[in-house]
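Thanks for coming. I'll take a few minutes on one structure, so please have a look at it first.

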Amino acid sequence: MSAMTSSIKQAFSEMTSSNAKIANLQRDTVDNKAGVGLTTDFGVKISNTDNWLRATDGKNHIGPALLEDHHAREKIHHFDHERIPERVVHARGAGAHGYFKVFDDRASKYTFAPVLTDPSRTTPVFTRFSTVQGSRGSADTVRDVRGFACKFYTLEGNWDVVGNDIPVFFIQDAIKFPDVIHAVKPEPHNEVPTGQSAHNNFWDFVGLQPESAHMVMWTMSDRGIPRSYRMMQGFGVNTFTLINAKGERHFVKFHWIPELGVHSLVWDEALKIAGQDPDFHRKDLEEAIVNGCPAKWKFAIQTIPEGKEDTFDFDPLDATKVWPEELVPLEVIGEYVLDRTVSEYFPEVEQVAFCTSHIVPGIGFSDDPLLAGRNFSYFDTQISRLGINWEEIPINRPVCPVMNHNRDGQKRHRITKGPNYWPNRFDAGKPVPTNEGGFPDFPHVVEGIKQRVRTPKFQEHYNQAQLFWNSLAPHEQAHVIAAFSFELSHCDDPIVYESYTKLLNNIDFELARAVATNVGGVVPEKPLRPNHGKKSAPLSQVHYAPSKPAIASRRIAILVADGFNGTEVAAVRAALASASATTWIIGARRGTIKPGEGLGDSISADHHFEGQRSTMFDAVFVPSGAEHAKALAGNGRVVHWVREAFGHCKAIGAIGEGVDFIRTAIGMSELQLHATGSSRNVVVSYGVVTAGSYTAGSAVVDALTIGPGG
Ligand code: HDD
C-alpha cells in the first residue's frame, strides 16, 4: 500500500462509515484543500509566506527583519505554542471511531441504561489505545500495559470506560498511584529508561509492594507485548455497579473480547520492531481499517448481585483481583466495532480526554478505593492538560444537549443564552433539575469509623498470581520466565533483583528457581507456600484462539527477484486478498521485477529487501523460479529474513525452487520440506508450508493461514 493509496483509502473509510458523533464533528471540520487561498488566522489572504518582511535598499542589500510582519509573527507564535502537556501516563497512543450495539435487551435485568439494553440503538464510540510508561514519542511495541479507553457518546451523555488490556491493576488504593508511576517512569536523576520497566526503581517498588505481584505476572506474560491493538482483550478493571428499573443493584466488570483472538509478538520481535518501526501498532490499526477490516470485539459483562459480594475468598472491589469466570461467568451482550480512522491526530487523539466519573443513568460506582481516586484524578488532569472547558472540545463534547450554568473559563467556545444561575425568575427557571432521566444516586447506607486501613481480603496478594501462572500454557510460562530474566538482568542493584526473586517464590517455586538462576538472584531451596493447583482457562490467551484459523488483516511478504514465477504470485495474492489479508512485494529493487521466461507477468515491488524486515509481517511466501531463487540465496539480507521469520514462528510458504531457497536459508535437517518437482502435495512442517507447484485449490494459502498468529 503506497502512501497515495493509503490516503485515498483513508478518505474512502471516512466517507463510508459515519455516525452521530462523526456528524457532530463535521461542525468543526475544515477541508483545507477547499479554501480559496492561503489566509492568516484572522482570515486575510496571504500573498507570500516564504519571506519575512525586510528592510532593503531595493537592490542587493538586505537589512533587518521587521516586527511589523504580522503574518510572520502569527505563524511563528502559533508554532511556538503547538505543544500541550503530554498525558502524565499513557502519553503514547492511537485512536479510532466506531460504534457499539447490544444484541438484545438481556442486560435489562441488571440496568435500565439504554446504551446497554436497547438493541435498536447504535451508539457512536471513540477508543484510544496507549502504552503507559513511555513518553509521547516512544515506541509502540515495548513491554507494557496497553490502555483501552472507550468513550460511548450515548443519548444520555458520555460514558467513559478507561480500561486496560490487563484485567487487574498494580495497586489497590489510588493513594499509591503517584508512587507506582514514579517508580516505573524514567529514573529522576537521568531520565532513563524510555518505554521500559526494566530498571531498578520499578522492581524495587514492586518488590516492596506485593499487591502488584498479580499484575506484574500479567505484564511479564505475552499480554505485555501484543501483536496488535485489535488483538487485545479490553477490561474495565474497576468494579462498577448496574441499577435496574426495580432499583436493584449488581456489581459489574466490563470486558471486550477481540474477534481475531488474542495474539502477541515474541520478545525478540517486539525489541526489534521498537527500532525498525516504532509506529507499528498505530499503523496496524489504521491499515486494517482503511483496508476494510474493522477492529471488532464482543462486549461482555460479569455481574455479582448486591448482597453476594462477601461470598468469595477475594474482595470483588479489589482491583488486583479478577473474578474467575468459573465463579462469575461472562455474559456477552453486544458488539464493539472501530471502523473509522481519525482525520487529524491532535484534535482527535491527543485532545480526547476520558474520565472514569463519566457514567450515565443506570450505571453507578462501587466502593472500590482505586476507582474513587480515579474519579477525582481524571477530571483534574484534564484541567492542566486541556483547560477547564475540555468537555467542549469537539472530540469530547456529547452528542446530546448540554444545558447548565457552568460558565466562562479559558477557551470557552459555547455561547449560552439565558441566566447563569439556578433557581431564577426567567422561563420557569429552565433548564431545571429533572427526575425525568435525571441521574439517580443509588441510596445506600454509609456508616462506620474513618480509618486508613485495608480489610483482610485486601491483604492476600499471591493466590491469584499463582492462579494466573498455573493457567498458562507451557510456552507462555517459558515466556514469563524469559521476561522476568530480561527485566531483572537490567537491574544492577542486588537488593532489587534478590528481593524480587524471593518474592516470586510466593507464586511458584519453579518460576522463582528459574528466574533466580538466570539473573543471579537467591535460588530458593523449597517453596515458600504450597501451590494451590487451581487453574482458570480464560486467563491464558490460548483460550481466545479463533475457532477457525483467520488470516484477515494479516500482512504477508512475498519475496521476489528477477526470474520469479509471476503466475504463482498472482494466484497467491488473489487468494490472500479474498481472505482479506494484505500482500507486500519485497524485491531486489523497488520498481519492476521481471518474471522468468513464460512465468506470467512482471510485478512492482513495494519495498527493497533493505526497506523492510521480516518482523513487520505475519508470514512470508517465496514463489518458484530458478534464477530468482538463486538470487535470493545469494543475498544475506534475504537469508536472514527467512531465518528470522522461522525463529519467530512465522508461517513460511514456498513453491518449487523457492523451497530450495528456504532449505538453504533455514538449514534445518529435521524440517520436512517438499522436494522441488512435479508433485502437487503440500507439506507442512514447523510452520513451513511447501509445495511442488501452485495448486488450484490454493492449498499453500490455506496452510499459510494456520501459521501466523503465534
Ligand atoms: Fe489511569 C490515564 C487506565 C488507574 C490517573 N489511565 C489513563 C489512560 C488509561 C488509564 C487507559 C489513558 C486515557 C487516554 O487514552 O487518554 N488507569 C487506568 C486503569 C487504571 C488506572 C485501567 C486502574 C484500574 N489512573 C489510575 C489511578 C489514577 C490514574 C489509580 C490516579 C489516582 N490515568 C490517570 C491520569 C491519566 C490516566 C493521570 C493521565 C492522562 C489522563 O488521565 O487523561 O489522570
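Where does His-90 lie? His-90 sits in the loop between helix H3 (70–80) and strand S3 (93–102). Please keep in mind that this is a predicted model.

I start with this residue on account of the record. An unreviewed UniProt entry places the feature "active site" at His-90 and Asn-164. The two span 75 residues in sequence, yet no two of their C-alpha atoms are more than 10.5 Å apart, so they gather at one spot.

Asn-164 has its place in strand S6. Asn-164 is buried, because its relative accessible area is 7%, with the cut-off at under 20%. Leaving out residues up to four places away in sequence, Asn-164 touches His-90, and its other contacts include Phe-148, Phe-169, Met-215 and Gln-233. From the side of His-90, with neighbours within four places set aside, the contacts include Arg-128, Ser-130 and Gly-147 as well as Asn-164.

Now the ligand. It is surrounded by 23 residues, and the closest are Arg-87, Arg-128, Arg-374, Tyr-378 and Gln-382. By class, the shell divides into 12 nonpolar, 8 polar and 3 charged residues. Helix H11 (369–386) gives the largest share, 6 residues. Strands S5 (146–154) and S6 (157–164) are also among the elements that each supply at least two.

Last, the polar distances. An N or O atom in the side chain of Arg-87 is 2.7 Å from an oxygen atom of the ligand. For ligand nitrogen, a polar side-chain atom of Tyr-378 lies 2.7 Å from one such atom, and a side-chain N or O atom of Arg-374 is 3.2 Å from a nitrogen atom of the ligand.

Technical notes:
Residues numbered from 1 in each chain as written. Predicted model: local features only at pLDDT ≥ 70, side-chain atom pairs only at ≥ 80, totals over all residues. Heavy atoms only, no water. Near = heavy atom within 4 Å. Polar contact = N/O pair within 3.5 Å; in protein donor to acceptor, adjacent residues only side chain to side chain. Helix = DSSP H or I, 4+ residues; strand = E, 2+ residues; numbered from the N terminus. Nonpolar A, V, L, I, M, F, W, Y, C, P; charged D, E, K, R; others polar. UniProt positions renumbered as here; feature names shortened; annotations may be inferred. Contact = heavy atoms within 4.5 Å. Buried < 20%, exposed > 50% of the residue type's maximum accessible area, 1.4 Å probe, protein only.
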